[in-house]
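Morning, everyone. Please put the structure up on the screen, and I will walk you through it.

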Amino acid sequence: MALEFGAPWSRSLKRASAFAVVMLAAIAAAGILIVPARMPLARCMMVGVPVTVGVIAFLSIVSGYSLTATQLEVQRPLWRTTIPLAQLLSVAGDAEVFKGSLRLSGNGGIFSFTGWFWKRRLGCYRAFATDPARAVILKFDKRTIVVTPDDPQRFIVRVRTHLATATAQR
């Protein structure tokens, strides 16, 4: 049986996403309206690049999380990212995890905060987030994952129950 958790957007994510959509649309519109037709490559790039960025960001949206006894699934519009819980060592909430983090690659605020980040205290970690204030850190043997479920406390309790069960079975 899976437990479902939502992935609510923070106010800053809503603002950043709205701003990014407006900017991407403005660049594409400028490509169509301002760039002369005799410059097809420039016109194509000014339309194609913003549209591609917008579509990729949209497809990377984190729409929720599904937690089972053996795995965590990050729900996306067209696929799910599966994270096995077998090597999980600890779980803890940390609303400050993104402060002072450096984005190594990924999306820093167009519809989600996803990708690879680095912070001195954590090292390299992968984020699947929509509201940094709800951040939960999952530490594994060889990696660290950050998620932002709608009810972080309930999520942590459920994952800790999994940890206790897995430890008892070892």
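I will start with the whole chain and then take some of its parts in turn.

A word on sources. This is a predicted model, so local features need pLDDT of at least 70, side-chain atom pairs count only at pLDDT 80 or more, and totals for chains, interfaces and linings use all residues. Residues are numbered from 1 along each chain as its sequence is written, and side-chain values use heavy atoms, with hydrogens and water left out.

The overall picture, then. The chain has 3 helices and 10 strands. Here helices (H or I, at least four residues) and strands (E, at least two) are DSSP runs, numbered from the N terminus. From that end, the order is β-α-α-β-β-β-β-β-β-β-β-β-α. The C-alpha trace spans about 70 × 35 × 25 Å along its principal axes. Of the 170 residues, 41% are buried. Buried means under 20% relative accessible area, exposed over 50%, and partly exposed in between, with a 1.4 Å probe and protein chains only.

Next, strand S1, residues 3-6. Its covered face holds Leu-3 and Phe-5, while Glu-4 and Gly-6 make up the uncovered one. In a regular strand, side chains alternate between the two faces of the sheet. Two strands pair if DSSP finds at least two bridges between them. Opposite Phe-5 stands Tyr-65 of S2.

Val-53 counts as partly exposed because its relative accessibility is 35%.

Last stop: Gln-75, in strand S3, residues 71-75. Is Gln-75 buried or exposed? Its relative accessibility is 13%, so Gln-75 counts as buried. Leaving aside neighbours within four places in sequence, its contacts include Glu-4, Ile-61, Tyr-65 and Arg-80. Contact means heavy atoms within 4.5 Å. Across the chain, take contacts between residues at least 6 apart in sequence: 50% of them join residues at least 24 apart.

That is the tour. Over to you.
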